[in-house]
Amino acid sequence: MEKIYLMYGDQSEKMAIAILEEMKIEEELLKLGKGKEQLLIGIKPNLVVAQPAHWGATTCPDLVKGVIKYLRTKGFNNLIILESAWVGDSTEKAFEVCGFKEISQQYQVPLVDLKQDKTKKITAGGVEIELCEQALTVDYLINMPVLKAHCQTKFTCALKNLKGCVPDKEKRRFHRIGLHLPIAYLSKALSPQLTVVDGIIGDLTYEGGGTPVRMNRVIASRDPVAVDAYGAQLIGYAVEEIPYITMAAQLGVGSLEDIDGRIVELNNDKEALLPESLLASEEADYLSNWIEEKEACSACYGSLVHGLMRLKERGQLKQLKEKVHLGQGFKNMAADKIGIGLCTKDFSSNVKGCPPKAKDILALLEQRLKK
C-alpha cells in the first residue's frame, strides 16, 4: 500500500522539495518511457476563488514553486498549471490574485484556464463524466489541493479538488445529482499519479475561505483516497461522514486500509506558537474562549480549533464548561483537566498524539460532556 508522507513547518517551498526527494518521484517519471522534454506534467492547484492563500481557500504559490523547482532540477521542463475557478468566478483573475501569473512568468510554465478548454465525455464505472481535455492529455498529473472544510460535503481535499477539471455546466450537474457520487466517479475517470496537499493554512468552515486556520503541514501520497481519509480525521471528521471517500475506495481509486500505519513523518518541526494570532476570523476568535495554551505549536493548536468547531456544529460546545489545555508550558504537569497532545500527557483527560487529530479531540470532548 502507498505511504502517506507528512512534513511539518511553514517553509512550503522547501518542504515540497524535501518530500518529493524522499518519494523519488523522478524515478517513476522516467519509467513512463518518454523523454524528459516530451513528458507533459500537469500541476492542478486549488484556485477556487481569487483570494490569496492566507485566506484559507487556495493553494500556496510557494508550495507549487517547490514542486516546479524539484522537477526542473531533475530535468523535467515540460510543465503546465491547469485550473478552473468555481462557477461565477474568473480563473484568469484567480491566477493573478493567487500569485500564479508571477510563477508562470518566473518559471516559463504556461497557465491553462480549463474554462476555455474543449471537453470530452468519459465513462467510469458506468457513469458518464464530462472532462476538460487538457486534464486528460497530460502524462503525469500532480494534484495540489488545500486541506479545508466544505459547506456541503463537510470536507474537501484530494478527490474533490479534481472537480476543477470539469466544465462549469458539469459542476452544476454535480450539485444537482448530489456531490458525493459524481466526485467519487470523477476520481475514477481522472486519477492523479501524485497528490501534494497544502495543509499550511486551510479553512475552518468554508471552501471559499474567510475562516483560516494554520496547521503547518504538507501531506503527499500516490493514494488520494488515503490522503482524504487521513485529512478528514485531521479536521475532525470520520471517514464515514464523507461518503465520496468510501465510494472512491470501492471503485478502486485507492485504499482505506491501515491509514495510520502508512504515515511517514519526515520531521518533527512543530515550532512554538507565534505571538500574533494564527486565526483571522471572528469564528476562530470565539473558539479561543475554550482554549488555554502555553507555548503551543501551530499544528496542535490548529487541530484543537477544528475539534472545537466540530463540537459547535453538533450543538454541544456551550455545554463544555472547562477549557482545553495544550502546549509545552504544561509539560510534566499533572492536573484534573482536559489536555491535548504529548505535552499534557499527565492531565486526567488527554488526547494522545503530537499533534493529535481533531477527530480524536472531538471524541474525548464528547466523552467528557457525558460525565
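Which helix gives the most to the lining of the largest pocket? The answer is α8, with 3 residues.

## About the model

This is a predicted model, in which local features need pLDDT of at least 70 and side-chain atom pairs count only at pLDDT 80 or more, while totals for chains, interfaces and linings use all residues. Residues are numbered from 1 along each chain as its sequence is written, and side-chain values use heavy atoms, with hydrogens and water left out.

Helices (H or I, at least four residues) and strands (E, at least two) are DSSP runs, numbered from the N terminus.

## The largest pocket

The largest pocket has a volume of about 360 Å³. A pocket is here an open set of points, on a 1 Å grid over the protein atoms alone, where a 1.4 Å probe fits and where there is protein on both sides within 12 Å along at least five of seven lines; lining residues have an atom within 4 Å of a point. Grid points are joined across faces, edges and corners, and the volume is the space filled by probe spheres set on the points.

Of the 20 lining residues, Val48, Trp86, Lys160, Lys163 and Lys171 are the closest to the centre of the pocket. At least two residues of the lining come from each of β8 (148-150), α7 (158-161) and α8 (168-177). The lining divides by class into 4 nonpolar, 8 polar and 8 charged residues, where Ala, Val, Leu, Ile, Met, Phe, Trp, Tyr, Cys and Pro count as nonpolar, Asp, Glu, Lys and Arg as charged, and the others, Gly among them, as polar.

## Helix α3 and its partners

Two packed helices are described by the angle between their axes and the distance between the axes. Axes are lines fitted to C-alpha atoms, for helices over the stretch in contact, and angles run from 0 to 180 degrees between N-to-C directions. The axes of α1 (residues 12-23) and α3 (residues 61-73) come within 7 Å and cross at roughly 40 degrees, which makes α1 oblique to α3. Angles under 35 degrees count as roughly parallel, over 145 as roughly antiparallel, 65 to 115 as roughly perpendicular and the rest as oblique. The residues of the contact between α1 and α3 comprise 6 nonpolar, 2 polar and 5 charged.

For α3 and α5 (residues 100-107), the axes come within 10 Å and cross at roughly 20 degrees, and therefore α3 is roughly parallel to α5. On the α3 side the contact (heavy atoms within 4.5 Å) involves Pro61, Val64, Lys65, Ile68, Lys69 and Arg72, and on the α5 side Phe100, Glu102, Ile103, Gln106 and Tyr107. By class, these are 6 nonpolar, 1 polar and 4 charged residues.

## Helices α9 and α11

The axes of α9 (residues 180-189) and α11 (residues 243-250) come within 8 Å, crossing at roughly 35 degrees. From α9, the residues His180, Leu181, Ile183, Ala184 and Ser187 meet Pro243, Tyr244, Met247 and Ala248 of α11. This contact has 7 nonpolar and 2 polar residues, and no charged residues.

## Particular places in the loops

Aspartate 89 lies in the loop between β3 (79-83) and α4 (91-97). Leaving aside neighbours within four places in sequence, aspartate 89 is in contact with Val48, Val49, Ala50 and Lys115. The C-alpha atoms of aspartate 89 and alanine 50 are separated by 7.6 Å, although the two residues are 39 residues apart along the chain.

Most residues other than glycine have a negative phi, and most peptide bonds are trans. Asparagine 216, in the loop between β12 (212-214) and β13 (217-221), has a positive phi of about 50 degrees although it is not a glycine. The peptide bond from cysteine 354 to proline 355 is cis, with omega near 0 degrees, and proline 355 is in the loop between β18 (347-351) and α14 (358-369).
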